[in-house]
Amino acid sequence: MAAISAAVVTAAESTEPKGMDLLVPASYDLLWSAVVLLIIAIPFFRYALPALNKVLDERTAKIEGGLAKAEKAQAEAAAARDEYNQQLAEARAEAARIREDARVEGGQIVSELRGKAQDEAARITETAQRQIEAERQQAAVQLRTDVGTLATQLASKIVGESLEDEARRSRVVDRFLDELETSTAGQGK
């Protein structure tokens, strides 16, 4: 073994490359490198590269499909947003219309209630006036009767004759009240 090593070392020393040979490998190295390259390249280009291209093409198709789906989803979202904005605008317009209708209707209701309240107040006032007038007349009749009775009693005591006769008593009372009214009207002026 030592002899083989020495022979290889001697052969290596005797064939020392010089100049351009330093950069260019020996022809047998080029030949064997080309054979190994062909052994690796042919199966790679025949089997591995089409499989890689197929995987890359599938991935490209998925990415393009995903982009298309994303664009479609974006378009649908934009359409939905536009529809939502339109519905929102319509809802706002409807709400404004309803508010305005309610305001108008409320004004009408207030006007109606005011009118009814004024009518009711007028009716109550009229009823109260009639009731006051009726009570005044009743009080006047009652007062006339009471004053008549008192006047009859007083006149009976003063005159000394009985005023039991209804017609006589009525005449005396009416005359007394007429005189009383005349004297009251004269003092009021």
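Start by colouring the chain by pLDDT, the predictor's confidence in each residue, from 0 to 100: confidence is lowest in helix H1 (residues 2-14), with a mean of 58, and highest in H2, with 89. This is a predicted model, in which local features need pLDDT of at least 70 and side-chain atom pairs pLDDT 80 or more, while totals for chains, interfaces and linings use all residues. Residues are numbered from 1 along each chain as its sequence is written, and side-chain values use heavy atoms, without hydrogens or water.

Now show the cartoon. Buried residues make up 6% of the 189 residues (buried is under 20% relative accessible area, exposed over 50%, partly exposed in between; 1.4 Å probe, protein chains only).

Next, select Tyr-28, in helix H2 (residues 27-159). Tyr-28 is exposed, at 54% relative accessible area.

Finally, move to Phe-44 and Phe-45, an edge-to-face aromatic pair with 5.6 Å centre to centre and 75° between the planes. Rings of Phe, Tyr and Trp (its six-membered ring) pair if their centres lie within 6.5 Å; planes under 30 degrees apart are stacked, over 60 edge-to-face, and the rest tilted. Phe-44 is partly exposed at 37%, whereas Phe-45 is exposed at 52%.

Technical notes: Helix = DSSP H or I, 4+ residues; strand = E, 2+ residues; numbered from the N terminus.
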